[in-house]
Amino acid sequence: MATTVNSGNVPVSDTQSSTSADPRYEGSTFQYSMLLEHLIGEKRPIKDLNPTVMGGLPNPMKTDDQKMIERGMESCAFKAVLACVGGFVLGGAFGVFTAGIDTNVGFDPKDPMRTPTAREVLKDMGQRGMSYAKNFAVIGAMFSCTECIIESHRGKSDWKNAVYSGCVTGGAIGFRGELST
């Protein structure tokens with residue numbers, strides 16, 4: 001067993017540390033443990049993560065009317081109607097665009113040499129636009145409803161809801177297409 005000798009030529013055992021023998025370091029371990037207790041221990045204060053405290057813009061409190069409108073806009077019925085109307089508008093625009101670039105618009109198979117009139121072309125564009133609009137509206141409403149149902153069932157609002165809803169909607173469209181053939 002090795003022993004060390006301090007300035008008084010008295011042997012000191014190995015179990016004592018050199019810092020504990022020095023009275024300068026007596027309180028430093030206590031201070032360190034107190035500091036840790038306040039930083040990461042149970043005496044750590046709970047901080048309010050309000051954006052105004054962290055230097056952000058102040059958030060005014062919402063009135064009851066604002067809360068009611070927010071609840072209405074987050075409802076499944078509103079989301080379904082919005083997706084249906086948005087799908088109808090987008091589908092109509094897409095249908096008119098595709099009919100405009102299609103070379104067979106107004107084509108008569110009985111008389112292939114005849115040039116279609118503007119009225120026939122516009123009528124075909126309107127029919128195709130309405131067909132696309134109805135299909136996009138149904139798909140949008142189906143997706144929105146299934147996403148809302150899945151979100152309500154899971155109790156979470158994350159990216160997985162949209163993926164699951166897309167799978168269900170695609171499966172329903174594929175099943176409907178299989179029935180019609």
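Arg-114 pairs up with Glu-120 in a salt bridge, with 3.1 Å between the closest N and O atoms. The term covers a side-chain nitrogen of Lys or Arg within 4 Å of a carboxyl oxygen of Asp or Glu. Arg-114 is partly exposed at 34% relative accessible area, and Glu-120 is partly exposed too, at 29%. Here buried is under 20% relative accessible area, exposed is over 50%, and partly exposed is in between (1.4 Å probe, protein chains only).

A word on the model: it is predicted, so local features need pLDDT of at least 70 and side-chain atom pairs count only at pLDDT 80 or more, while totals for chains, interfaces and linings use all residues. Residues are numbered from 1 along each chain as its sequence is written, and side-chain values use heavy atoms, leaving out hydrogens and water.

## The other salt bridges

Searching the whole structure turns up four salt bridges. One of them joins Arg-128 to Asp-102, with the closest N and O atoms 2.8 Å apart. Arg-128 sits in helix 5 (residues 118-154) and Asp-102 in the loop between helix 4 (76-101) and helix 5, so this pair ties together parts 26 residues apart in sequence. Asp-102 is partly exposed, at 27%.

Lys-62 and Glu-70 make another, and their closest N and O atoms are 2.5 Å apart. Both ends are partly exposed: Lys-62 at 42% relative accessibility and Glu-70 at 32%.

Helices are DSSP runs (H or I, at least four residues), numbered from the N terminus.

Helix 5 runs for 37 residues and reaches 53 Å from first C-alpha to last, close to the 54 Å expected at 1.5 Å a residue; that expected span is 1.5 Å times one less than the number of residues. Its buried residues include Met-125, Gly-129, Ala-133, Ala-137 and Gly-140. Just after the helix, Gly-155 takes a positive phi of about 80°.

## A nonpolar patch

Tyr-32, Leu-35, Leu-36, Leu-39 and Ile-40 make a nonpolar surface patch of about 540 Å². Patch members have over 30% relative accessible area and no salt bridge, with nonpolar side chains (Val, Leu, Ile, Met, Phe, Trp, Tyr) joined within 5 Å and like charges within 9 Å. Areas come from the Shrake-Rupley method with a 1.4 Å probe; for residues, only the protein chains shown count as cover. Tyr-32 belongs to helix 2 (residues 28-39) and is exposed, at 52%.

Methods:
Helices (H or I, at least four residues) and strands (E, at least two) are DSSP runs, numbered from the N terminus.
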